[in-house]
Amino acid sequence: MKLSSINATGLEGFANEELQISNFNKITPIIGPNGAGKSTTIEVVNLAMDFLNKNKFEAHIPEETNEWIIPNNVKIKFEKSSEELIKINHLANFIGKESSFLEIELIFLKDQKLARINSIKTQHNTLTLADVSNPWQVNPKTQQLDQKKNQLNTQLTNLNRTLAKHEQQVKANPTNAGIKTNRDNAAKAVKDMETKIQELTRSRTASVTELIKFQLSGKDQNVSKEELNNFLETVQLPPVRIIAAKEAPSDNTKNLLEFAVKKLKGPEGERDLYHEKIERLAKLLQMKVDMYEDPESGKYVLDVNGVDFYKTSAGTQTCIFYYSLVHDLPQDSIIVWDEPENGLHATRRHKLLDLMLADQRQYLLSTHATELAPPLHDKISVYKATSRTGRKPGESLDIQLEQVSDRKKAFDVLETLGIVPAATLFTANVIIWVEGPSDLFFWRHWLKKVGEPYNLIEGFDYTFMFYGGSNIGNLDIEEELEEIVNADVLSLCRFPIFIVDSDLSESPVDEDCSTFLKPNALAIKEKMNKLGENGEFICSSGREVENYLPNKAIQYAVESLSGYSEEDLNSLQLDTYELGDYEHYYESIESFVIGKGVTTTNRNGVTVAKMKSKWGSNKKAQFMKAALKCPDFVIGDLKGNAESAINTIMEFIKNKRP
């Protein structure tokens, strides 16, 4: 069966406290800018699906679960994945032996940290809890045994009184044999009754079956907990595999290696499976792949272009991770993947999408990559996530999901990511290629200010495109780079500008960026040099774009985003903070805040910077937008070669105007 819809209610951060994905497809990407609620949506779905995979009527909500993502109710609907109907063994007397769909409603009792199944619905009937707060029904046989036990306990009490009376008589007449006999008979009667009660207790324990009181067509129906759990186990709900953002390769790769190498050693038919695995992975990576057993160490080895895969790029490892993962997972699995594009060059994203579409599993993705979310594909349902912060302090987010079902909505999605499709593809005279959203906000802000006197218009005189951050490092110099620079870039416009970060962690020995750029970034620089006056290449003088910001802008961003109390701000003395040219801003601020003692303890007991989540590495875009709003922030305040770079870009755009 396949997942078809999820509806969750009682979620504070969502519009109308409701999350609804009504059309799960082969692939269901959730796309939108940072802070739009993509990961929150993923977490809510994970919570519900994780409960179902436990195959239990009820289970405790994990203590570490953020209350923000705990709903009141969740309805999860599955549909048949082929012509064959969903088979139902247990509970068939209530809801039918087979059905075209199965809908399970969960209820979350937040005060008890408990989740239960509230209803089970098929095309035939709906089985619903009679009393959510107290669903248990006592077994009639157990009731009878309890009544019998109460009677025996009453008799035991009377026998103990008789025994006590005879004990007193023996004390008064210790030599009277008749009195002693009566005492001994009373003691034996007490012992016999205690034995009966023990036997009855054992019978009662053996007879206990927890019954759950449901309603079916308005009538009470008692269902054993065991039968309900057996239903969940045998109906074969799809297992869920959750992949966190930037999850590293795991034992899945070892399993793939072991499988492939053993096939290589097997009969001819099995060796074909080995070669099939090699060829498919090589096609995905566009590299030479080899799997074998090291004769010296006995370990299984995976080489990519002659290099151990653990030493390959992040993008290559992501591809191998995915390829290994699906080797292990059941065919009916649901894969929930947060930001699968991390480290992947755009061409590999397309190949990854092709693999997913060819696979039998379902995918729920949280992504910024439009390559993984083609909105009008018949096997892909794209949802756009948006959110707005409350107008008053303390008001929560208002997250909304909307399915992207037509071209206009598809263009809207691109624009929320900073891409103007019509301008980018058809009318822009200059395309400025930047790393990511924070770079886009920075350069767009200053070019708009500086270009205003010249009446330069974004979308016509110039526009922006992402080359994907670290993905520039995954370009193949001989093949993919040639294609990207000579074909893709120049086919979109005549006059490209590439802006790259130096990514240096310390001051370079030589100021010429050619001496320290990564090989692929250097290759792009050389290509731009060949274009001469028709191309421009700009490298940051610091580590990355945030290193251009003056202290007052950083201070303003931290204050406006974090919500620090006045006491915390007094302790921090942010005006004493200074970001180094070759530091990651979030690492530097974190160290500064901890040094000032403004800390908290996370759920693992580790001391961390207070409010880091508001300005940390996953909030780069929000941080940059906040910094640029700093009052009295003028271009002359920028550090490094920022002002010079902005002027260079402006002169290039002005000179290329038709």
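Is Lys 612 buried, exposed or partly exposed, and what is its relative accessible area? In this predicted model, Lys 612 is partly exposed, with a relative accessible area of 33%. Its side chain meets that of Glu 590 in a salt bridge, at 3.3 Å from N to O. The pair links distant parts of the chain. Lys 612 belongs to helix α18 (residues 612–615), Glu 590 to helix α17, and 22 residues separate them. Glu 590 is buried, because its relative accessible area of 19% falls under the 20% limit.

The chain as a whole comes next. It has 20 helices and 27 strands. Of its 658 residues, 47% are buried. Among contacts with a separation of 6 or more, 70% join residues 24 or more positions apart. A search of the whole structure finds 18 salt bridges.

One of these salt bridges joins the side chains of Lys 639 and Glu 578, with an N to O distance of 3.8 Å. Lys 639 is buried, at a relative accessible area of 16%.

Another salt bridge lies within a helix. Glu 651 and Lys 654 are both in helix α20, three residues apart, or about one turn of the helix. Their side chains meet at 2.9 Å, N to O. Glu 651 is partly exposed, with a relative accessible area of 38%. Lys 654 also counts as partly exposed, at 22% relative accessibility. Elsewhere, salt bridges link Glu 167, Arg 183 and Asp 184 in a network.

Lys 26 presents another case. This residue lies in the loop between β2 (18–21) and β3 (27–31). Lys 26 is buried, yet has no salt bridge. The nearest side chain of opposite charge belongs to Asp 359, 6.0 Å away. Lys 26 does have contacts beyond its neighbours within four places in sequence. They include Met 356, Leu 357, Asp 359, Gln 360 and Arg 361. Gln 362, Tyr 363 and Lys 379 are also among them.

Helix packing was examined for two pairs. Helix α12 (residues 437–451) packs on helix α20 (residues 642–655) at an angle of about 65 degrees, and the axes are 10 Å apart. The crossing of α12 past α20 is right-handed. On the α12 side, the contact is made by Phe 442, Trp 443, Trp 446, Leu 447, Val 450 and Gly 451. On the α20 side, Ala 642, Ala 645, Ile 646, Asn 647, Ile 649 and Met 650 take part. Ten residues of this contact are nonpolar, two are polar and none is charged.

The second pair is α7 (residues 268–285) with α9 (residues 346–358). The axes of α7 and α9 come within 9 Å and cross at roughly 140 degrees. Arg 280, Lys 283, Leu 284 and Leu 285 of α7 make the contact with Arg 348, Lys 351, Leu 352 and Leu 355 of α9. This contact divides into four nonpolar and four charged residues, with no polar ones.

Definitions and conventions: Residues numbered from 1 in each chain as written. Predicted model: local features only at pLDDT ≥ 70, side-chain atom pairs only at ≥ 80, totals over all residues. Heavy atoms only, no water. Axes fitted to C-alpha atoms, helices over the stretch in contact; angles between N-to-C directions. Helix = DSSP H or I, 4+ residues; strand = E, 2+ residues; numbered from the N terminus. Left-handed = near helix turned anticlockwise from the far one by under 90°. Contact = heavy atoms within 4.5 Å. Nonpolar A, V, L, I, M, F, W, Y, C, P; charged D, E, K, R; others polar. Buried < 20%, exposed > 50% of the residue type's maximum accessible area, 1.4 Å probe, protein only. Lys, Arg positive; Asp, Glu negative; His and termini not counted. Salt bridge = Lys/Arg side-chain N within 4 Å of Asp/Glu carboxyl O.
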